[in-house]
Amino acid sequence: ENFPSIRSPRAVVNFSNRVDDGICAAADEVKADLIILGTHGASGWKKYLLGSNASNLIARAKQPVIAIPSNYRFSPIYHIVYASDLKNLDAELNILVPFSKVFQSVLEIFYFDYAGAESEKMMLDAEKYIEAHQYRNIRLSIKKGILEKSLDEQLAQALNPGNTQILAMFRSNHGWFDNLLTGSISEKMVMKCSIPVMVLKKEEV
């Protein structure tokens with residue numbers, strides 16, 4: 001009743017040998033705008049298998065993916081954390097702000113500053129852009145980057161699951177060799193985060 005434009009649920013049967021292939025094919029077949037994936041608290045080989053399926057799906061899907069932990073209990077969405085490198089900020093906010101407006105939620109941008117050559121300018125530009133933005137619920141939080149810790153570790157520590165309902169990330173389209181060396185931060189967060197994680201494809205500029 002509240003969402004008259006949503007079509008009736010339908011089941012799609014796919015006989016692909018790989019889980020990610022099947023889900024991607026089914027999503028394309030029904031022209032899906034979003035893929036929602038449940039993640040399971042597993043260990044050992046099950047954790048490896050389920051993690052591989054989730055990682056492969058996130059890497060290959062054309063659509064945004066929301067991964068929801070199996071033990072997550074729904075609560076009203078009033079705080080979304082958007083982990084950003086501040087590159088292509090305007091284009092990414094053009095996607096996330098309409099989503100945030102649906103819930104009238106605060107959209108808090110986490111940026112980890114490693115004091116790089118362009119960091120100060122990017123932070124100043126971001127602050128000016130946010131100040132001028134018509135959506136008044138955008139916040140910028142600067143975190144000190146720690147070289148001795150991985151970014152996913154720092155992000156997990158900075159998140160407050162009790163006061164945040166969704167973590168949003170844009171995934172870079174790095175080549176397989178980059179992913180082999182460092183892995184995708186978004187995929188790591190999907191497997192370790194206790195709240196839903198929304199992963200979108202970053203437009204390369």
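Predicted model: local features only at pLDDT ≥ 70, side-chain atom pairs only at ≥ 80, totals over all residues.
Local features need pLDDT of at least 70 and side-chain atom pairs count only at pLDDT 80 or more, while totals for chains, interfaces and linings use all residues. Residues are numbered from 1 along each chain as its sequence is written, and side-chain values use heavy atoms, with hydrogens and water left out.

The largest nonpolar core holds 25 residues. Such a core is a set of buried Ala, Val, Leu, Ile, Met, Phe, Trp, Tyr and Cys residues joined through side-chain atoms within 4.5 Å. Buried means under 20% relative accessible area, exposed over 50%, and partly exposed in between (1.4 Å probe, protein chains only). L155, L159 and L167 have the most contacts inside this core. Helix α2 (residues 44-60) gives the largest share of the core, 3 residues. Helices are DSSP runs of H or I with at least four residues, strands are runs of E with at least two, and both are numbered from the N terminus. Beyond its neighbours within four places in sequence, L155 is in contact (heavy atoms within 4.5 Å) with A83, F110, F112, L167, M169 and M189. A second, separate core has 23 residues, including I77, Y82, L89 and Y111.

Side chains of opposite charge can pair when their charged atoms come close. A salt bridge is a side-chain nitrogen of Lys or Arg within 4 Å of a carboxyl oxygen of Asp or Glu. By this rule there are 4 salt bridges. In one of them, the closest N and O atoms of R60 and D21 are 2.4 Å apart. R60 lies in helix α2 and D21 in helix α1 (residues 19-29), so the pair ties together parts 39 residues apart in sequence. R60 is partly exposed, at 43% relative accessible area. D28 and K62 also form a salt bridge, at 3.7 Å from N to O. D28 belongs to helix α1, and K62 to the loop between α2 and β2 (65-69). D152 and K192 pair at 2.7 Å. This pair links helix α5 to helix α7 (residues 185-192). D152 is buried at 5%, whereas K192 is partly exposed at 42%.

On the surface, Y114, L147 and L151 form a nonpolar patch with about 310 Å² of accessible area together. Patches take residues with over 30% relative accessible area and no salt bridge; like charges are joined within 9 Å, nonpolar side chains (Val, Leu, Ile, Met, Phe, Trp, Tyr) within 5 Å. Areas come from the Shrake-Rupley method with a 1.4 Å probe; for residues, only the protein chains shown count as cover. L147 is exposed at 71%.

H133 is buried, at 13%.
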